[in-house]
Amino acid sequence: MNVMSSIWNYKCPRCRKGDLFIKPFEIKNPLNMPDRCSNCDLNYSPEPGYYFGAMFISYGWTVWTILAIVGFCMLVLDWTVEASFGLVVFVSALSYFFIMRISRSMYIHMDVRFDKKHKETT
Ligand SMILES: [Zn+2]
């Protein structure tokens with residue numbers, strides 16, 4: 001499994017076999033993660049507030065998605081501002097959980113790859 005596939009499938013960044021999120025998905029607790037990888041024992045939460053950095057990834061995703069949708073609707077389809085933002089609200093509501101989870105997955109993959117301390121910590 002390559003890195004992109006591991007991020008997309010929410011797998012452990014070190015062994016790429018353990019799950020990042022507890023299954024089955026619960027809508028009341030969409031970010032429910034185990035403390036450690038079930039396969040290689042990697043610590044998924046090495047410090048309090050560890051996933052604060054994932055917020056910046058989700059922010060980037062959301063802003064560029066909104067700009068792309070509104071730009072396309074207004075410039076290409078000639079929609080009004082209200083209609084364009086109505087579509088943005090709808091798309092944002094649909095992709096909310098996906099963006100939160102994929103941001104965490106991307107963040108821990110980047111951290112484990114570039115921070116040797118985290119990679120070696122078990
Ligand atoms: Zn693992």
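Arg16 counts as partly exposed because 18 C-beta neighbours lie inside 10 Å. The scale is this: a residue is buried if 20 or more other C-beta atoms lie within 10 Å of its own, exposed if 12 or fewer, and partly exposed in between, with C-beta atoms placed from the backbone. The model is predicted: local features need pLDDT of at least 70, side-chain atom pairs count only at pLDDT 80 or more, and totals for chains, interfaces and linings use all residues. Residue numbers start from 1 along each chain, as its sequence is written.

**Overall fold**
- The order from the N terminus is α-α-α-α.
- The radius of gyration, taken over C-alpha atoms, is 17 Å, whereas a compact globule of 122 residues would have a value near 14 Å. The globule rule is 2.2 Å times the number of residues to the power 0.38.
- The C-alpha trace spans about 55 × 30 × 30 Å along its principal axes.
- Of the 122 residues, 13% count as buried.
- Among contacts with a separation of 6 or more, 51% join residues 24 or more positions apart. Two residues are in contact if their C-beta atoms, placed from the backbone, lie within 7 Å.

**Packing of α2 and α3**
- The axes of α2 and α3 come within 9 Å and cross at roughly 150 degrees. Therefore α2 is roughly antiparallel to α3.
- Axes are lines fitted to C-alpha atoms, for helices over the stretch in contact, and angles run from 0 to 180 degrees between N-to-C directions.
- Angles over 145 degrees count as roughly antiparallel, under 35 as roughly parallel, 65 to 115 as roughly perpendicular and the rest as oblique.
- The α2 and α3 crossing is right-handed. In that case the near helix is turned clockwise from the far one by less than a right angle; anticlockwise is left-handed.
- Thr65 sits in helix α2. Thr65 is partly exposed because 15 other C-beta atoms lie within 10 Å.

**Nonpolar core**
- The largest nonpolar core has 9 residues: Ile7, Cys12, Leu20, Cys37, Leu42, Ala54, Met106, Tyr107 and Ile108. Helix α3 gives the most to this core, with 3 residues.
- Such a core is a set of buried Ala, Val, Leu, Ile, Met, Phe, Trp, Tyr and Cys residues joined through C-beta atoms within 7 Å.
- Beyond its neighbours within four places in sequence, Cys12 is in contact with Lys17, Gly18, Leu20, Cys37, Asn39, Cys40 and Leu42.
- Asp41 and Cys12 are 29 residues apart in sequence and 9.6 Å apart in space, C-alpha to C-alpha.

**Loop between α1 and α2**
- Asp41 lies in this loop. Asp41 is partly exposed because 14 other C-beta atoms lie within 10 Å.
- Arg16 is also found in the loop between α1 and α2. Phi of Arg16 is near 60 degrees, a positive value in a residue other than glycine.
- Pro24 is in the loop between α1 (3-8) and α2 (52-76). The peptide bond from Lys23 to Pro24 is cis, with omega near 0 degrees.

**Loop between α2 and α3**
- Asp78 is in the loop between α2 and α3 (81-114).
- Phi of Asp78 is near 60 degrees, again a positive value in a residue other than glycine.
- Asp78 counts as exposed because it has 8 C-beta neighbours inside 10 Å.

Definitions and conventions:
Helix = DSSP H or I, 4+ residues; strand = E, 2+ residues; numbered from the N terminus.
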